[in-house]
Amino acid sequence: MNLIENGKDLLKKTIKKLDNLHKGFDSLEYECRLKDIIINLHHSIETMFITGLLSINMWVNLCSGLSALQAVRLLISPST
C-alpha cells in the first residue's frame, strides 16, 4: 500500500468511526473514541501532505534542480 492509499484508507476508517460516535457510550469510552478519531484524522492528513511534498520534490528535482525547501518557499512566497 502506498502513502496516498494509506491516507485515504485512514480517512475512510475515521469517517466510519465518526458516524458511529453518536451511539450511546459512557463518557470515558466516548473520549477514547473521539481521541482515536482525532489521531487517525491527523495521521491521514499528514500522510497525504507528505505525499504531496514528495511529489513537489520529485517535480522540482526533475525540472530545475531546486531542493524541496526552495520549491516550497517559492510556492508559499507572496508574488510580487
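By how many helical turns are Glu29 and Arg33 separated in helix H2? The two residues are four apart in that helix, so about one turn lies between them. Their side chains form a salt bridge, with N and O 3.1 Å apart. This pair is taken up again below, after the overall fold. The model is a predicted one.

The protein chain contains three helices and zero strands. Read from the N terminus, the order of elements is α-α-α. The chain has 80 residues, and 14% of them count as buried.

Helix H1 covers residues 3-19. Its 17 residues should span 24 Å at 1.5 Å a residue, and the end C-alpha atoms are 24 Å apart, so expectation and model agree. Asn2 caps the N-terminal end of H1. A side-chain oxygen of Asn2 sits 3.3 Å from the backbone nitrogen of Ile4. The buried residues of H1 are Gly7, Leu10 and Thr14. Viewed down the helix axis, they fall within an arc of 65°, so they line one face of H1. Lys12 and Lys16 are exposed on the other side of H1.

Helix H2 spans residues 27-63 and includes Ser44. Ser44 has a relative accessibility of 0%, so it counts as buried. A polar atom of the Ser44 side chain lies 2.9 Å from the backbone oxygen of Leu41. With neighbours within four places in sequence set aside, Ser44 contacts Gly7, Leu10 and Leu11. Gly7 and Leu10 are among the buried residues of H1. Leu34 is also in helix H2. Its relative accessibility is 31%, so Leu34 counts as partly exposed. Leu34 and Leu21 are separated by 13 residues in sequence, and their C-alpha atoms are 7.6 Å apart.

Three salt bridges are present in the structure. Side chains of opposite charge can pair when their charged atoms come close. Lys13 pairs with Asp9, with 3.5 Å between the closest N and O atoms. Both residues belong to helix H1 and are four residues apart, about one turn. An α-helix has 3.6 residues a turn, so residues three or four places apart point the same way. Lys13 is partly exposed, at 44% relative accessible area. Asp9 is partly exposed as well, at 27%.

A salt bridge also joins the side chains of Lys17 and Asp36, with an N to O distance of 2.5 Å. This pair links distant parts of the chain: Lys17 is in helix H1, Asp36 is in helix H2, and 19 residues separate them. Lys17 has 33% relative accessibility and counts as partly exposed. Asp36 has 30% and is likewise partly exposed.

The Glu29 and Arg33 salt bridge, at 3.1 Å from N to O, lies within helix H2. Glu29 counts as partly exposed, with 33% relative accessibility. Arg33 is partly exposed too, with a relative accessible area of 38%.

Definitions and conventions: Residues numbered from 1 in each chain as written. Predicted model: local features only at pLDDT ≥ 70, side-chain atom pairs only at ≥ 80, totals over all residues. Heavy atoms only, no water. Buried < 20%, exposed > 50% of the residue type's maximum accessible area, 1.4 Å probe, protein only. Polar contact = N/O pair within 3.5 Å; in protein donor to acceptor, adjacent residues only side chain to side chain. Contact = heavy atoms within 4.5 Å. Expected span 1.5 Å × (residues − 1). Arc of directions from axis to C-beta. Salt bridge = Lys/Arg side-chain N within 4 Å of Asp/Glu carboxyl O.
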